[in-house]
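Please look over the sequence and the 3D structure shown here, and then read the notes that follow, which are grouped by topic.

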Amino acid sequence: MNVKKKRSIIMVGFVALALFGVIFFRIYANISANKERAAKVSQGRGIAVEIDVANRRDIIPMITVSANLEPLWNADISPKVDGRLDKLYVDEGDSVTAGMVIGTLDINELEAQVMQAKGNLLSSQASLEQAELDLSRAQELAKQGALAAQALDSARTKRDLTLGQVRSAQGNLVLLQARLDNANIIAPRSGIIIKRYLQAGSYVKTGSQVVSIADVSSLLGKATIGESQINEISLGLPVKIKVNALQDQEFSGVITRISPAATLPARTFTAEITILNNGILKPGMFSKIIIPGSIHKNALVVPERALVMREDQKTIYVVTTDNKVQQRMLKLGYVGEGWAEVLDGLVDGERIVIEGQNKLKDGSAVNASSGKEGEK
């Protein structure tokens with residue numbers, strides 16, 4: 001390559017480098033100017049936010065748990081004797097009352113056994129009557145010395161044996177009569193039929209499930225309460241129940257039982273809530289149970305929407321006297337119902353940011369206006 005070409009290449013390189021330098025300088029100058037303008041604007045007016053004042057108020061912690069609704073009472077009904085199910089008078093959804101006959105077994109065989117037992121009893125009673133007459137005659141003859149003592153003992157023994165036969169026949173008749181009576185399947189308590197297991201004509205044994213009856217005049221919700229919350233509740237405490245299937249319709253209930261010991265290893269307690277049923281609620285429905293805890297009087301609170309998460313810690317922006325913000329970590333108590341209880345990290349009366357936190361960082365200047373909470 002000759003000298004002329006080399007000089008041309010070098011000149012082009014210098015020109016390109018000079019152009020690049022000019023372009024870079026202008027870009028840098030524009031960025032610096034923009035930053036300077038933004039800083040001046042920021043110093044002049046700050047970031048617009050809404051503020052409130054940390055104050056004190058009474059709050060009631062709400063413990064919300066889930067539970068399936070269960071019948072107040074539920075039992076599977078079975079016959080007391082073996083037999084063929086002759087008739088079943090109820091179906092699922094039917095209402096029954098205590099003592100109502102809901103089904104019967106085939107009683108032909110049982111009736112025959114009762115008749116036979118009655119005949120055996122009559123025969124035994126006749127034998128007893130004859131044995132007592134024989135004993136009476138033997139006693140008279142023995143008094144006259146016309147009968148040996150051995151014969152008198154035999155007459156007395158015969159009487160005692162026939163008396164035992166009568167007692168046995170009476171017991172057998174009572175047993176068979178009870179079986180005949182138990183051929184009727186009785187509802188032990190008022191409720192509704194929630195399950196039918198068999199049809200008429202099925203052969204059933206003692207203890208076989210025929211129907212299931214439930215008392216749904218009231219329902220039970222069993223809530224699992226944590227160890228740290230158990231002191232917040234008590235027997236007789238009124239609670240609210242919301243049912244998802246009924247568009248969160250609200251019902252009232254009362255805590256009627258609290259387990260006396262924790263379930264290990266979870267260390268939880270079970271609270272039973274009794275809910276008066278107006279006919280709308282059904283066993284098995286899923287519900288949310290809202291239990292009010294002990295009131296926290298004069299607690300320092302901030303609006304829940306003022307909280308900002310930072311590295312898994314809940315913080316809040318506090319507005320200082322020079323209208324700048326300071327981000328503080330908080331130690332919180334109860335959080336819910338739109339409020340957060342502050343245990344540490346904030347002082348009563350300090351101004352806090354409740355709207356516009358997403359535009360802030362620690363030390364940002366703000367232009368604060370009072371929010372609705374601050375106006376109350």
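N231 sits in the loop that joins strand 10 (211–226) to strand 11 (238–243), where strands are DSSP runs of E with at least two residues, numbered from the N terminus. This is a predicted model, in which local features need pLDDT of at least 70 and side-chain atom pairs count only at pLDDT 80 or more, while totals for chains, interfaces and linings use all residues. Residues are numbered from 1 along each chain as its sequence is written, and side-chain values use heavy atoms, with hydrogens and water left out.

**The loop residue**
- N231 is exposed, with a relative accessible area of 71%, and exposed means over 50% with a 1.4 Å probe, protein chains only.
- Although N231 and S294 are 63 residues apart in sequence, they lie 8.3 Å apart in space, C-alpha to C-alpha.

**Two packed helices**
- Helix 2 (residues 108–143) packs with helix 3 (residues 149–181) at an angle of about 160°, their axes being 8 Å apart; helices are DSSP runs of H or I with at least four residues.
- Helix 2 and helix 3 are therefore roughly antiparallel to each other, a term for angles over 145 degrees, on a scale from 0 to 180 degrees between N-to-C directions.
- By class, the contact of helix 2 with helix 3 has 17 nonpolar, eleven polar and eight charged residues; Ala, Val, Leu, Ile, Met, Phe, Trp, Tyr, Cys and Pro count as nonpolar, Asp, Glu, Lys and Arg as charged, and the others, Gly among them, as polar.

Technical notes. Parallel < 35°, antiparallel > 145°, perpendicular 65-115°, else oblique. Buried < 20%, exposed > 50% of the residue type's maximum accessible area, 1.4 Å probe, protein only.
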